[in-house]
Amino acid sequence: MKILLIDVYHFNKGGAETVCFNTGKMLEENGHEVIYFTLKWNKNLPSPFEKYFPESKETRKGLFRQIINLRNYFYYPDAAKKLEQLILDEKPDIAHIHLMWGQISPSIFPILKKYHIPVIFTIHDYRMVCPAYSFKNGKGEICEVCYGKSFYRCFTHKCTKGSYFLSIFMSAEMYFRNKYFNPNKYIDGLLYVSDFARKKHEQYMPSFKNKPNIVLHNFSVSIVNTGRYVSDKYFLFLGRLSEEKGIVTLMNAMKKNPEFKLKIVGAGPLENELKTYKEQHRLNNIEFLGYKSGEELTQLKKQAYFTVVPSEWYENNPMAIIESYAEGVPAIGSKIGGIPEIIKEGKTGYIFTPKNDKELAELIKKAANLTREEYLTMSNNAIKFAQKDMSKESYYNRLIPFYKQIMDIDK
């Protein structure tokens, strides 16, 4: 089978790219041919298909660069042109899209339809039903007042980074897309990474209820066989340093537990603000390590006592938990979005009410006071859950039949 994987980036920018590249490697390991279509970026990894990659807003030059960037947000003609040439040259059997909105744009939909390429779309966020993608308004509150159709409310609530300009832009793109390139018309199958995301999309886009779909939690490329115990009991936050991640709540919980350590790994727009907050509140048990990758990141994950995911938005299926389980590291996470689907209370970790630093502080203390035997049981439970639900093998064995199902429908 020849699979066309589509994403905005050809480097590991975030969770969606991690899943996209892991999927590509998994497919190749099982004898399939994988073709990539992304935009050009300065950080892109080498690719035999890069001659087909259109310019991104980062690499585009010229006097009218900004005007072209604005147009391409809605419709990117060169993306359609380049993809058509790639299809003519490579003749893929199926297309699997991860990210495209606002960058590649839905301009590629008619091309895929023209050449009868079945399309599967992995739902990594809520961009098909929420202009701001996260169901959060300009005040940082959970917000669903658009109801999947009244997208102007993204503007009235300043949902996109608290900006009227950006919010009206995102709202306009949603109206344009649904009128001229409605996803229900062009997408043949939907891959949800959490059941929560499936229900939320079907709530606000009811036509998706009749669309073939599958729920597949993200997978880890390798999983250890047995649990382990660590004497250096540090808690680990791994991810983007942004408002919706609930990092301040976590820091406040650590303030109530000065005897326990927290390591924060990642970068993002709140980095300086969070470091200032740490100094102001004298949180000497918290260490900011910045962005990490490769073996250094692997060791930080392996040696962690617990991973903490204190998200305050509808987190879909966080890779931080999946990668932790793969190393036998239990997790503490917010009871929101898809997180409760993968944290089994008292077995693989604990869940708490979002924004409740007191409740989180109590769980951190509870986790830290587990006996060696109790912790090893929890560590082994995390591994067993990962092996059953988050392994390459289980993912592949469910993904390929879904591919074939969509291809048969499209014949």
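Two strands are taken to pair if DSSP finds at least two bridges between them. Helices (H or I, at least four residues) and strands (E, at least two) are DSSP runs, numbered from the N terminus. The structure is a predicted model, in which local features need pLDDT of at least 70 and side-chain atom pairs count only at pLDDT 80 or more, while totals for chains, interfaces and linings use all residues. Residues are numbered from 1 along each chain as its sequence is written, and side-chain values use heavy atoms, with hydrogens and water left out.

With that settled, β3 and β4 pair in the parallel sense over three bridges, and alanine 95 has valine 119 in β4 as its bridge partner. Getting from β3 to β4 takes the chain through helix α4 (residues 109–114), and this β-α-β crossover is right-handed (with the strands pointing away from the viewer, the path from the first strand over the helix to the second runs clockwise). β3 also pairs with strand β1 (residues 2–6), again in the parallel sense, over four bridges; here isoleucine 6 has isoleucine 97 in β3 as its bridge partner. As for side chains, Ile94 and His96 point one way from β3 (residues 94–97), Ala95 and Ile97 point the other way, and all are buried (under 20% relative accessible area, with exposed meaning over 50% and partly exposed in between; 1.4 Å probe, protein chains only).

Helix α2 (residues 65–74) has buried residues too, namely Asn69, Asn72, Tyr73 and Phe74. What covers them includes α3 (77–90) and α6, where contact means heavy atoms within 4.5 Å.

Next comes an open sheet of six strands, with parallel pairing and the order β9-β8-β7-β10-β11-β12. β9 (286–290) and β12 (349–352) stand at the edges with a single partner strand each, so one side of each is left without a neighbour in the sheet. On average, neighbouring strands of this sheet are turned by 20° against each other, direction ignored. For β12 and strand β11 (residues 331–334), the parallel pairing runs over four bridges, and alanine 331 has glycine 349 in β12 as its bridge partner.

Two helices lie across strands of this sheet. α9 lies across β7 (234–238), β8 (261–265), β9 and β10 (306–309), running at about 160° to β8; α14 lies across β7, β10, β11 and β12, at about 170° to β12. Axes here are lines fitted to C-alpha atoms, for helices over the stretch in contact, and angles run from 0 to 180 degrees between N-to-C directions.

The two helices also pack on each other: α9 (residues 247–255) and α14 (residues 357–368) make an angle of about 55°, with their axes 8 Å apart. That makes α9 oblique to α14 (angles under 35 degrees count as roughly parallel, over 145 as roughly antiparallel, 65 to 115 as roughly perpendicular and the rest as oblique). Their crossing is right-handed, meaning that the near helix is turned clockwise from the far one by less than a right angle. Thr249, Leu250, Asn252, Ala253 and Met254 in α9 meet Asp357, Leu360, Ala361 and Ile364 in α14.

Finally, a word on backbone angles. Most residues other than glycine have a negative phi. Phenylalanine 135, in the loop between β4 (119–123) and α5 (153–156), has a positive phi near 55°. Lysine 161, in the loop between α5 and α6 (164–180), likewise has a positive phi near 55°. Phenylalanine 135 counts as buried because its relative accessibility is 3%, whereas lysine 161, at 76%, counts as exposed.
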